[in-house]
Amino acid sequence: MRRILLGNVAFALLAIHAQSFQGVTIRCRRPSDIQAVSKRQTYIYDGGELQSFLIANNDLSNANSRQAQVGSITFVTGTTDGRRIIGVEKIGDSDGSREVTSLGETCVYSDTVAEIPGRVSDEDALTTASASLVGIHCSLPTVEAVGGSSNEVFYSGKAVVMGGNEYACFVADGLAALGIEVSLVSTGGAKTGNQVNVLEPSVDIGKEDDVGFSDAVGEFDSIIDTIGNEQKGILVTETGLGGGSTVVQLLRSRHKCDKYVSTLTKAQELIKGNGVLFGPGKANGHIKEMQSLSPNQCIRMVPSAGFGPSTLQTLLEKNIVFSGSTMSSGSTAVRGWSLKEFWEESSWPRDSSGADVRYGLPVIEEEEFDELEDMFRRQKSQIEGNQRGTRLGSEGGLSQKEEEKQTRVDEKNPYVTQIRGVDGLSQAVTSQQRDTLIFVAMRNCRTCKSINHCLHEWRAREPAVA
């Protein structure tokens, strides 16, 4: 009887409690899969590779800096809603306008997220994401806003990859998988897919003389240089790119190549500059130094929109992965160097013009010297942030007539101080006790003209040199 009474009381209390919730919707949280990070890996970028990233992303302040720079990016893999994904970890409270995807306590930028297929390991997904960031994503010819959607990115165009090493072959296969017409140029030993056209620096096109690969390909949108760096001296302005080496400028004017991307790392530069005897020790020491840096000491890198769903996703789905044999291990990874890269750059034939340009890249023809000088003068007013070496006189200075002559000579080249006659040498150099490299030139000498442009490029790279 007591049990029945208690049951009636409980039933009544439940009925009263239910009446108090009339008109109220109760939302129950549906169970979901655990959202968590599986792996996290930070990658360091430097040298020409970092510079290419900054230029591609229009980072005016960092791209124009003359100081040695280091960049870093952190990729994470994890699970969300039953999917294995990879993305770029969100940096603090920055980029609040960019949508993020949560992996528990970690967030990644949604436009960098790609789903990892079952046959691809987390490790391979991480190294592929890192390797494709600059060499592939930053070099892609793109047509945006396809089909009326601002989020869609469509890739189309022609690209040239220089080098036959493992990384160069990965870049070539990746670009081909994304629908780009790719030509890979190597001195030998390149192993790529069937979609890539493999060339040598010198190409036989059925004429009396062979031609360089750039002339054989014709017009192309991008060139990816895995063994060299010709972009020193490039300046990023609000209206676009300016300056750069003669090779870069000729690529734009002759071949309509708007993107020159170097993936040369600092470690590769050290091997190239110090040779196989002393280079490896310096390169390995540099890699260890880079691995000891904290993210706060680096430029924090975030890819442009479309990296995850449009670039990385396609590579993973088509099984274009980079195993990363030259990638250092540890929580912070740095892409290192290989002897194959060094030997290929060293053995690459040079152009007979004497300007130390790798054969196949464009060089100045004799009839183009005067036109190029005019181009340099026009760029003088367009390039921002350059400092021009100027004539220094003694207390008395030059006479007005001589100063007018000297000024006209100085105006010929915005980067190199030019001196007219013995008096100019005395006033500008000896009286100032300056350490100076003097080049004596004749206006009608072809070799002198070509060396003059080399001096122009050197002065653009070294603002402190007068």
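Within β14, Ile224 is the bridge partner of Val161. The structure is a predicted model, in which local features need pLDDT of at least 70 and side-chain atom pairs count only at pLDDT 80 or more, while totals for chains, interfaces and linings use all residues. Residues are numbered from 1 along each chain as its sequence is written, and side-chain values use heavy atoms, with hydrogens and water left out.

**The parallel sheet**

Strand β9 (residues 158-162) and strand β14 (residues 222-225) run parallel and are joined by four bridges. Strands are DSSP runs of E with at least two residues, helices are runs of H or I with at least four, and both are numbered from the N terminus. Two strands pair if DSSP finds at least two bridges between them. Strands of a sheet pair through backbone hydrogen bonds, either parallel or antiparallel. β9 and β14 belong to an open sheet of five strands with parallel pairing, in the order β11-β10-β9-β14-β17. Its edge strands, each pairing on one side only, are β11 (197-199) and β17 (259-262). On average, neighbouring strands of this sheet are turned by 20° against each other, direction ignored.

Axes are lines fitted to C-alpha atoms, for helices over the stretch in contact, and angles run from 0 to 180 degrees between N-to-C directions.

| Helix pair | Axes come within | Crossing angle |
|---|---|---|
| α8 (residues 266-291) and α10 (residues 339-347) | 10 Å | roughly 65° |
| α4 (residues 122-135) and α5 (residues 166-177) | 10 Å | roughly 75° |

The crossing angle of roughly 65° makes α8 roughly perpendicular to α10; this class covers 65 to 115 degrees, with angles under 35 roughly parallel, over 145 roughly antiparallel and the rest oblique. In α8, Gln268, Ile271, Lys272, Gly275 and Val276 meet Leu339, Glu341, Phe342, Trp343 and Glu345 of α10, where contact means heavy atoms within 4.5 Å. By class, this contact of α8 with α10 has five nonpolar, two polar and three charged residues. Here Ala, Val, Leu, Ile, Met, Phe, Trp, Tyr, Cys and Pro count as nonpolar, Asp, Glu, Lys and Arg as charged, and the others, Gly among them, as polar.

α4 and α5 are likewise roughly perpendicular to each other. Thr128, Ala131, Ser132 and Gly135 of α4 meet Tyr167, Phe170 and Val171 of α5. The residues of the contact of α4 with α5 divide into four nonpolar, three polar and no charged.

**Thr106**

Thr106 lies in strand β5 (residues 106-109). Thr106 is buried, at a relative accessible area of 10%; buried means under 20%, exposed over 50% and partly exposed in between, for a 1.4 Å probe and protein chains only. Not counting residues up to four places away in sequence, Thr106 touches Val37, Arg40, Glu89 and Thr101.
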